[in-house]
Amino acid sequence: GAGWGTDIVWDWSNGAEQFNLAGSGATAFAQLTVDQNYFGSGHALVSFGGNQILVVGAAGQITADDFVF
């Protein structure tokens, strides 16, 4: 839904999984804010409309191909 809040993804597999944002209000990757190395942590942070997904260990790996809208 549109208000998912903050999620932490611990076991994401690059190239094998996708984030399903259907119903979130986002309709394209360009609408997302992606911090590819959140505060130098080695993690990626995806934000949209006050909601966030922290993807542990995914710095520099998040692309448009990782999402379904």
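Guide: Gladly, and let us begin with a word we will need: a residue is buried when its relative accessible area is under 20%, and exposed when that area is over 50%. Please keep in mind that this is a predicted model.

Visitor: Which residues of β4 point one way, and which the other way?

Guide: Ala44, Val46 and Phe48 point to one side of β4, while Leu45 and Ser47 point the other way, and all are buried.

Visitor: What makes β4 largely enclosed by the rest of the structure?

Guide: Five of the five residues of β4 fall under the 20% cut-off, so the strand is largely enclosed by the rest of the structure. For the chain as a whole, 30% of the 69 residues count as buried.

Visitor: Why is Asn51 called buried?

Guide: Its relative accessible area is 6%, and buried means under 20%, so Asn51 is buried. Asn51 lies in strand β5, and Phe48 stands opposite Asn51. From Asn51 to Leu32 there are 19 residues in sequence and 10 Å in space, C-alpha to C-alpha.

Visitor: Why does Phe39 count as exposed?

Guide: The relative accessibility of Phe39 is 75%, and exposed means over 50%, so Phe39 counts as exposed. Phe39 sits in the loop between β3 and β4. It also has a positive phi of about 50° although it is not a glycine. Most residues other than glycine have a negative phi.

Visitor: How do you know that β4 and β5 pair?

Guide: Two strands pair if there are at least two bridges between them; β4 (residues 44-48) and β5 (residues 51-55) are joined by five bridges, so they pair. They run antiparallel and form a hairpin with two residues between them. In that turn, Gly49 has a positive phi of about 55°.

Visitor: What joins β3 to β4?

Guide: Three bridges do, and the rule asks for at least two, so β3 and β4 pair as well. These strands also run antiparallel, with Thr33 opposite Ser47 in β4.

Visitor: What makes β1 and β3 edge strands?

Guide: The open sheet has four strands in the order β1-β5-β4-β3, with mixed pairing. β1 (6-9) and β3 (33-35) each pair on one side only. From one strand to the next, the twist averages 15°. The chain has six strands and zero helices.

Visitor: What is in the largest nonpolar core?

Guide: That core has 15 residues, and those with the most contacts inside it include Trp12, Phe19, Leu32 and Ile53. β4 and β5 each supply at least two residues of this core, and β4 gives the most, with three residues.

Visitor: Which residues does Ile53 touch, leaving out those up to four places away in sequence?

Guide: Among them are Trp4, Val9, Phe19, Leu21 and Val46. Across the chain, 51% of the contacts between residues at least 6 apart in sequence join residues at least 24 apart.

Visitor: How do you know that the radius of gyration agrees with a compact globule?

Guide: A compact globule of 69 residues would have a radius of gyration near 11 Å, and the chain has 11 Å, so the two agree. The C-alpha atoms fill a box of roughly 30 × 25 × 20 Å along the principal axes. The accessible surface comes to about 3900 Å², of which 51% belongs to carbon and sulfur atoms.

Conventions:
Residues numbered from 1 in each chain as written. Predicted model: local features only at pLDDT ≥ 70, side-chain atom pairs only at ≥ 80, totals over all residues. Heavy atoms only, no water. Axes fitted to C-alpha atoms, helices over the stretch in contact; angles between N-to-C directions. Rg over C-alpha atoms; globule rule 2.2 N^0.38 Å. Buried < 20%, exposed > 50% of the residue type's maximum accessible area, 1.4 Å probe, protein only. Contact = heavy atoms within 4.5 Å. Areas by Shrake-Rupley, 256 points an atom, 1.4 Å probe, with all protein chains shown as cover. Core = buried A, V, L, I, M, F, W, Y, C linked by side-chain atoms within 4.5 Å.
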